[in-house]
Amino acid sequence: MPNRLADQTSPYLLQHADNPVDWYPWGSEAFNAARARDVPIFLSVGYSTCYWCHVMERESFEDESVAARLNKSFVAIKVDREERPDVDEIYMLATQLMTGHGGWPMSVFLEPGQLRPFWCGTYFPPEPRGNMPGFADVLDAIAGVWRDRREEALAQAEQLAQAVRTQLALQHEPVPIGDPQIEQAIEQLMRMFDQTHGGFGGAPKFPQPVFIDFLLDARARVDDRPAQAAIDHAIRVTLDQIAIGGIHDQVGGGFHRYSVDATWTVPHFEKMLYDNAQLALVFARAADIFDDAYYRRVVRTTLDYVLREMTDAHAPGHEGFWSAQDAEVDHREGFNYLWTREQFEHVLGDDAAWAARVYGLDAGPNFKDPHHPAEPARSVLRLADRPDRLAEREGIGLEQFFDRLDRVNASLLSARMQRKQPLTDDKVLASWNGLMIQALVAGGVLLHEARYIEAARSAARFIIEQMHDAQGNLLRSYRARTAHTPAFLEDHAAMVRALVALARVSSGGDGFDSKVAAVELAERAHAAFADETGAYYDTRAEQGDLFVRAQATYDGALPSGVSMMVHALIDLHELTGQGVHADRAGALVRAISSAVARSPVGAVHSTAALLRMLSCPDERLRGQVDRAAAVATGPTAPARKPVQVFADTDEIRVTPEAPGVVHVELAIREGYHIVAANPGPSGKGLVPLRVGLVRGQGVAVYADYPPGEPYGPDEKLLVHKGSVRLTVAVEYAPGVGAGAGEPVLGVTFQACTDSECLEPQTIPLEIRVKVEK
């Protein structure tokens with residue numbers, strides 16, 4: 001018998017509709033059932049193209065005994081994270097705070113009253129494996145805790161919920177921001193840049209197009225020629241290595257989600273619409289800036305892939321773009337994309353030897369399925385170098401090289417399409433479509449291809465005219481001719497940017513005026529998500545199914561809704577000249593200024609918006625930054641905290657061979673001082689400055705503490721005033737620390753005035769510490 005998920009439209013939820021688990025979708029029916037039965041909620045969050053989500057379903061959710069445990073002691077809820085990014089964001093942060101890591105499937109246990117999490121995890125095997133408990137044992141243990149130790153569970157739920165609220169909803173007072181944050185972001189990204197293989201950081205390696213996009217903006221603001229050359233080098237090496245790597249589908253076009261290695265060779269094979277949209281856009285920008293024919297080709301093949309495989313060409317009037325393609329076929333990861341030398345010879349005939357040389361098959365296979373060791377090794381196709389250099393080595397012209405490569409790829413793609421294809425998640429999401437529309441417009445302009453702009457216009461018109469409720473409010477998701485779920489800030493912001501992009505290149509001659517639609521959508525966004533200060537939230541004020549109303553500023557695989565909204569408001573001001581959009585952009589920059597100041601790279605898309613405002617010739621827009629600074633420092637500014645803590649990076653890597661290093665600065669408000677690390681003979685009873693491990697384990701923390709300055713009538717107490725800068729080294733130290741999970745660093749200090757000392761504080765640093773053995 002199908003469960004309650006059978007009535008949903010999400011492909012991910014429908015995959016679980018025939019499980020013996022009595023699944024509920026997220027909503028009041030499930031919450032009320034848990035409250036009526038007085039049982040906790042088991043929340044499982046994933047998405048349709050998630051490999052380990054499929055594994056956990058096969059191992060546990062299709063198992064009758066596991067289902068019986070779930071149905072007896074819990075109310076089980078399934079959530080598609082792509083339909084409900086708000087739910088995913090909150091409980092993923094809780095999972096990361098509790099365990100030190102995250103991922104999908106996410107497995108969280110909630111108390112039913114306020115939906116606060118009290119125990120979190122990700123994938124669990126059916127039986128204990130290594131350090132992982134078996135899922136059935138987890139269920140028995142949690143049921144026992146709820147039965148026998150409920151007060152402890154509720155206390156832990158509140159503690160964890162408060163930690164989530166602190167990170168996602170705490171409003172910080174505005175601070176002045178400007179060129180120093182731009183320079184800091186550039187410096188940090190250049191330190192993170194992999195000189196050998198491109199990209200930022202080590203394996204697993206994500207393309208991180210928000211970083212590339214920022215550097216493409218920042219290069220024009222750098223006056224120093226060597227510095228600009230270094231930025232250009234980082235951009236070009238990164239784009240070159242991504243384009244020639246296995247993360248790029250050399251045969252069919254488009255990009256996989258990330259690479260499991262540092263060389264971009266073996267990808268995690270799922271394909272996401274948002275990755276392809278953002279990468280197509282940065283390749284288009286780089287193609288124009290550097291006049292690069294290879295980047296133009298990458299843009300074309302990526303957009304052609306999307307038009308070929310990620311939309312329904314046979315459904316006129318329903319031209320939105322689909323969300324994703326799965327990583328696996330018949331439970332085998334990447335099976336559709338892998339090749340052997342024998343398959344090359346069978347498909348390509350006389351071209352096989354040349355293609356094997358160009359695509360690296362001569363070097364031997366590079367992929368062995370770890371989940372199916374009996375399967376023979378195969379090859380992910382990649383190029384050894386840029387095509388212009390390969391053509392030179394082959395002794396032929398670039399045009400001739402591409403002609404032959406196109407012939408080879410056409411044959412390989414034809415053969416590949418005869419294979420069983422990966423599942424396509426065919427729901428249409430407003431925000432992801434907004435990103436894809438922007439990419440299509442950029443590609444159409446770059447390549448002088450009207451068909452890309454026409455496809456963008458059709459998708460935009462479909463979303464605006466079909467994906468709304470009876471009051472005209474935008475809806476997030478569409479599938480099976482049904483639109484649902486009130487759209488979030490990210491949906492509005494991405495679609496406003498898409499509509500503005502269209503308005504810049506096309507008229508409203510067909511009755512659809514994208515400029516008018518952009519302005520109207522921005523007004524709806526302001527009414528639904530902005531507060532009286534001009535800050536925007538990710539969700540609506542009236543939404544009652546979350547224990548926190550988030551204001552996320554972190555830009556990861558997708559830019560945050562807040563950062564996209566700043567850009568959308570700037571876009572609108574540039575398009576319309578209406579000052580209200582510049583004023584709103586300024587208010588929003590003021591609201592997020594503390595986040596940008598704390599981590600210009602963590603909020604890099606917001607930092608890019610700041611750069612746009614500083615570089616804009618329009619005085620009303622450019623002046624918003626000065627106005628924000630004046631509000632942050634003027635007589636009506638909120639009282640600044642006695643001490644603010646900043647770090648120059650949001651991630652460090654620690655290995656047995658090399659420590660991680662971070663520079664920490666404490667900005668001390670006038671009239672206050674903090675006790676130095678070595679306070680002297682008068683420091684008894686006061687808490688000295690320290691940097692250490694707040695929670696987690698696996699590292700030892702050392703700081704180079706500067707001496708304080710004498711203070712007091714006898715000058716026997718040493719303190720710091722104004723600011724103090726520390727160099728902190730984090731060394732590999734197995735077993736050091738307290739509690740499980742990823743290590744979290746913190747700064748402890750005690751602030752005083754001339755008349756009183758405040759309670760000591762420990763401020764966790766917003767830095768991810770990656771410990772690599």
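**Close-up views of a predicted model**

**View 1. Lining of the second largest pocket.** Among the 32 residues that line the second largest pocket, Asp213, Leu281, Arg285, Gln438 and Arg497 lie nearest its centre. A pocket is an open set of points on a 1 Å grid over the protein atoms alone, where a 1.4 Å probe fits, with protein on both sides within 12 Å along at least five of seven lines; lining residues have an atom within 4 Å of a point. The lining comprises 18 nonpolar, five polar and nine charged residues. The model is predicted: local features need pLDDT of at least 70, side-chain atom pairs count only at pLDDT 80 or more, and totals for chains, interfaces and linings use all residues. Side-chain values use heavy atoms, without hydrogens or water, and numbering starts from 1 along each chain.

**View 2. Largest nonpolar core.** This core (buried Ala, Val, Leu, Ile, Met, Phe, Trp, Tyr and Cys residues joined through side-chain atoms within 4.5 Å; buried is under 20% relative accessible area, 1.4 Å probe, protein chains only) holds 145 residues, of which Phe214, Phe344 and Ile437 touch the most other members. Its largest share, 11 residues, comes from helix H11 (residues 273-290).

**View 3. Helix H8.** Helices are DSSP runs (H or I, at least four residues), numbered from the N terminus. Gln181, Ile182, Ala185, Ile186, Gln188 and Leu189 of H8 are buried. The cover over the buried residues of H8 includes helices H9 (209-218), H10 (225-244), H22 (579-598) and H23 (604-615).

How values were computed
Buried means under 20% relative accessible area, exposed over 50%, partly exposed in between (1.4 Å probe, protein chains only). Helices (H or I, at least four residues) and strands (E, at least two) are DSSP runs, numbered from the N terminus. Contact means heavy atoms within 4.5 Å. Ala, Val, Leu, Ile, Met, Phe, Trp, Tyr, Cys and Pro count as nonpolar, Asp, Glu, Lys and Arg as charged, and the others, Gly among them, as polar.
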